[in-house]
Amino acid sequence: MASPLPVPGKRFVIGVPYVWLFFFFLLPFLILLYISFVDQGESINPFKPIWDPVTGILSLKYENYWTIFRDDEGGALFQTIYIEAYLRSIWYALLTALLCLLIGYPFAYFIARSSPAVRPALLMMVMLPFWTSFLLRVYAWKGILADQGVVNKVLMAVGLTSEPIQMLYTNVSMLVGMTYVYLPFMVLPLYANLVKMDFRLLEAAYDLGTTPFKAFWLVTVPLSKAGIIAGFMLVFIPAVGEFVIPSLLGGPENIMIGRVVWDEMFTSNNWPRASALAVVMIALIIVPLAIYYHYTAEEKK
């Protein structure tokens, strides 16, 4: 029997992920939070001090956050372009997560029920897109959905339409691209959950006279709840801040919060407001997630 890991070794193994989270999550977030309270003014330096060492006064520019919810002219509360971008981002992220769930669940279920000999090949098919550049995959959809792209040429060749159908730069093209890119993030956690399920429970349900659909709904779905939630979060969270896909496949009216942050930082050179927008976006994701895990932890006690 192997000897237990010595205490310094345990501390090192446990400390490595905490060090990684500190340097690559907490520290960048604190820098972002600092910049969000800076009064940049006419300066190009977004790292101006917010504390006067002589007077000891802390000067925080809360307007960087206030203007997110009310414009500079004192317009209506919660009716700014930023709020519209937040709501649009959440809406498209929800649609993307639901589409990935509808498409990915049957695929994950099929892999979990397939022979162990073919599962590695099926999983490789799921992960194969990761071997290709993200930008190349998105640009490929531009060629597929363009007016003279593959889909329109096939439709015109078989006589279903006489002229190209506008598919690119629409809501549909953006959702297709986001669903395609994030689908593996839904399939993999679902598969990891379904492959551990005891399928004899389904056989028992059939023996008791349950229909296949009812057995699936009452047995399989509840047992795969953890995989559904994990996949949904893995898709929803990055989809909220997506920038590349809406820019390349979406229309001019589909401005999501990722594009707004980009414009504020690199077009308007307003780093404090861009940082405030990013902090609010992170809060919109982290706070509900923390509340959910808090209550689920309470239920397990």
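Quick definition before we start: a salt bridge here is a side-chain nitrogen of Lys or Arg within 4 Å of a carboxyl oxygen of Asp or Glu. This is a predicted model, where local features need pLDDT of at least 70 and side-chain atom pairs count only at pLDDT 80 or more, while totals for chains, interfaces and linings use all residues. Residues are numbered from 1 along each chain as its sequence is written, and side-chain values use heavy atoms, with hydrogens and water left out.

Q: How many salt bridges does the structure hold?
A: Take the pair Asp39 and Lys61, with closest N and O atoms 3.5 Å apart. Asp39 and Lys61 both sit in the loop between α1 (7–35) and α2 (63–69), so the pair ties together parts 22 residues apart in sequence. Helices here are DSSP runs (H or I, at least four residues; strands are E, at least two), numbered from the N terminus. For the structure, the salt-bridge count is three.

Q: How many salt bridges are there between domain 1 and domain 2?
A: The domain assignment, automatic or from a database, gives domain 1 (10–60) and domain 2 (72–299). On the side of domain 1 that touches domain 2 there are seven nonpolar, two polar and no charged residues, with Asp, Glu, Lys and Arg counting as charged, Ala, Val, Leu, Ile, Met, Phe, Trp, Tyr, Cys and Pro as nonpolar, and the others, Gly among them, as polar. The salt-bridge count between domain 1 and domain 2 is zero.

Q: Which residues in domain 1 lose the most area to domain 2?
A: Domain 1 and domain 2 bury about 810 Å² between them, 77% of it on carbon and sulfur atoms. Buried area is the accessible area (1.4 Å probe) that two parts lose on being put together, summed over both. On the domain 1 side, 48% of what is buried comes from Leu32, Ser36 and Gln40 together.
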